[in-house]
Amino acid sequence: MRAVLWLAAIAVAFAAADTYVVVLALPDMMAGVGLSIEELQRAAPLISGFLLGYVAVLPLIGRLADLLGHLPVLVGGLVVFAFGSFLTALSWDLAAMVVGRFFQGLGGGALVPATLALVAALYPAERRGVPLGLVSAVQELGSVLGPLIGAAVLAVADWRAIFVLNLVVGAILASAIRQMGRSGAVPDGPSRPDLIALLLLLVAGAAFVLLAIEPTALVQDLTWGALYVPAAGETRWLTPLGLVTIIATLASLVKCGLRPNVRRLLGRIAAEVDILGALLLSFALAGVILAFATADPEVAVFSEQGTWYLIAGGLALLGFVFHLRRAQDPIVPRGAFARTPAWGSVLISFFVGAALVAALIDVPLFARTTIYGDSQLKAALVLLEFLVALPVGAVLGGFLTRRLPAGVIAGGGMLLAAVAFVLMARWDADALRSLSATVVLVAGGLGFGLALAPVNAAILATTEQSMHGLTTSFTVVARMVGMLVGISALTTIGLRSYYAAQADLPSLSSVCTDGGMCEDYQDLLIGAAIAQEHTVFAGAAVCAGIAALLSVVLLRGAPTQALSPTETVTAL
């Protein structure tokens, strides 16, 4: 069973790597659906669609992991991730690609809480530190491998090959986990495949492939070319092949749903899972995600439409709170977060995410602004110094959790990260040329890594075993929401510093007598950009400092330490 855990950890790392691969491949993906680089705002759904799938339904998936078991959710998550990769690889327009990205996020998001809960099921509270640290390490390792995998694939193939690779790896991992977990109890799983449903699914897949690749001989044929003529409008979904894809897929799902064991499983879910509460919570999270993911930081923290998203999300949240008070068995059971370290872990995760995103986004920006110009690759390599240290810190934090209080380790790690950001806020234009900058980046990565395992260990140690999938999903949600809010708010504040510094610059004509962009004036503009990054790093230092303080105060009393020999004898 522990072999399954490490396969699950590999799956988590691979899904995390996909996030960073997509950032690298985004311009090529936009070109693949007919968007130019100037239309970056139109491509925002490629990111927000993934985040919606990853975050909005995560509490529901966590609850299903508690109800059905962790293995079915892990296998299902990988299957959905592979399916989303399939859709994305064959996308011909933005809408199809966004749908594929949504399913990728949905499947990838399911892996994290299921894997963390599996650690809790396999190890007692005082022995979870090291495995939690290793799981956190391989997850963060994905952020290191992602750009490298993306660069390697893009060097020999186009962006679609990235998602074909996702499809293959996701399917292999799903099969391996299912086979290795057969000795355990996989509830209500079908013993034999439904051949009719499988045939319908193959028909849907074949129609979708033909629709996506448009073979020239078929399209130009007088008879078969009619398969590509829309019944209305211009969308391919309304062509005969598109309609066959939709109808065959729906028929396959309905056929699977008619099987007795599947009906029993669905009936169990309907009876034991608070569907209404899950929907209200998903709508509330979706409102927050869309409000900040669609924002233009140059204008405001969230867009004009974002205001309405927040209002809708707030109304859904009010409905959710009201529903919790009346529901007999709500999706978040009463008392699930009753202990301080439990809800404290969620709050800390929010501030960790808000601080972490500043390093992920603004360290490469600083590198490009100061010494690497337009070289995105060289700027990304600077961030690797931070990212490589992060998984090392995660393993070290997991090891220390067995000996020291979780609050001390997490608080110390985030304090180290805060100090690193304070030093970054003092960098000048040549800072990255010195060894001291590398020391600062490594220290910051170690600090964040140290905090990961103790926070997860604290929430697992202070919540019921039957709720671990649900409760750990909230730490993931909080971290992702913190990253969204953090990058939007910090970037907006940083840009205001840039505009203020730019307003104080002398006129171009007073600095450059030849009427062109002289080197002295270019240095002044770089100075204004550095002021922007200093503001962002200072804000991240505040967020990291808050996380450090909250860790020390709120994680006290979490029983995460291994018993000493003296305590063991006393307990016996």
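1. Ser91 is buried, since its relative accessible area is 1%, where buried stands for under 20% relative accessible area, exposed for over 50% and partly exposed for the range in between, computed with a 1.4 Å probe on protein chains only. Ser91 sits in the loop between H4 and helix H5 (94–122); helices (H or I, at least four residues) and strands (E, at least two) are DSSP runs numbered from the N terminus. A polar atom of the Ser91 side chain lies 3.3 Å from the backbone nitrogen of Met97. With neighbours within four places in sequence left aside, Ser91 is in contact with Ala96, Met97 and Arg160, contact being heavy atoms within 4.5 Å.

2. On provenance, this is a predicted model, in which local features need pLDDT of at least 70 and side-chain atom pairs count only at pLDDT 80 or more, while totals for chains, interfaces and linings use all residues. Residues are numbered from 1 along each chain as its sequence is written, and side-chain values use heavy atoms, with hydrogens and water left out.

3. As to the whole protein, there are 21 helices and 0 strands, and 51% of the 572 residues count as buried. Among contacts between residues at least 6 apart in sequence, 80% join residues at least 24 apart.

4. Rolling a probe the size of a water molecule over the atoms shows where empty space is left. The structure holds 2 cavities of 30 Å³ or more, a cavity being a set of points, on a 1 Å grid over the protein atoms alone, where a 1.4 Å probe fits but cannot get out, and its lining residues those with an atom within 4 Å of a point. Grid points are joined across faces, edges and corners, and a volume is the space filled by probe spheres set on the points.

5. The largest cavity has a volume of about 40 Å³, and its lining consists of Phe14, Ala17, Asp18, Val21, Ile149, Ile162, Leu165 and Asn166. By class, the lining of the largest cavity divides into 6 nonpolar, 1 polar and 1 charged, where Ala, Val, Leu, Ile, Met, Phe, Trp, Tyr, Cys and Pro count as nonpolar, Asp, Glu, Lys and Arg as charged, and the others, Gly among them, as polar.

6. The lining of the second largest cavity holds 7 nonpolar residues, 1 polar and no charged.

7. A pair of aromatic rings is described by the distance of the centres and the angle of the planes. A search of the whole structure finds 17 aromatic pairs, counted for rings of Phe, Tyr and Trp (its six-membered ring) with centres within 6.5 Å, planes under 30 degrees apart being stacked, over 60 edge-to-face and the rest tilted. The rings of Phe14 and Phe81 are edge-to-face, because their centres lie 6.4 Å apart and their planes stand at 80°. This pair links distant parts of the chain, with Phe14 in helix H1 and Phe81 in helix H4, 67 residues apart, and both Phe14 and Phe81 are buried.

8. Phe350 and Phe351 also form an edge-to-face aromatic pair, at 5.3 Å centre to centre with 90° between the planes. Phe350 counts as partly exposed because its relative accessibility is 25%, whereas Phe351, with a relative accessible area of 17%, is buried. One aromatic cluster is formed by Phe366, Phe386, Phe421, Trp427, Phe448 and Phe537.

9. Two further residues deserve a look in the viewer. Pro72 is found in helix H4 and counts as partly exposed, at 25% relative accessibility; the C-alpha atoms of Pro72 and Ala114, 42 residues apart along the chain, are separated by 9.4 Å. Glu214, in the loop between helix H8 (195–213) and helix H9 (216–219), has a positive phi of about 45° although it is not a glycine, and at 32% relative accessibility Glu214 counts as partly exposed.

Terms used: On a 1 Å grid over the protein atoms alone, a cavity is a set of points where a 1.4 Å probe fits but cannot get out, and a pocket is an open set with protein on both sides within 12 Å along at least five of seven lines; lining residues have an atom within 4 Å of a point. A polar contact is a pair of N or O atoms within 3.5 Å; within protein, one must be able to donate a hydrogen and the other to accept it, and residues adjacent in sequence count only if both atoms are side-chain atoms.
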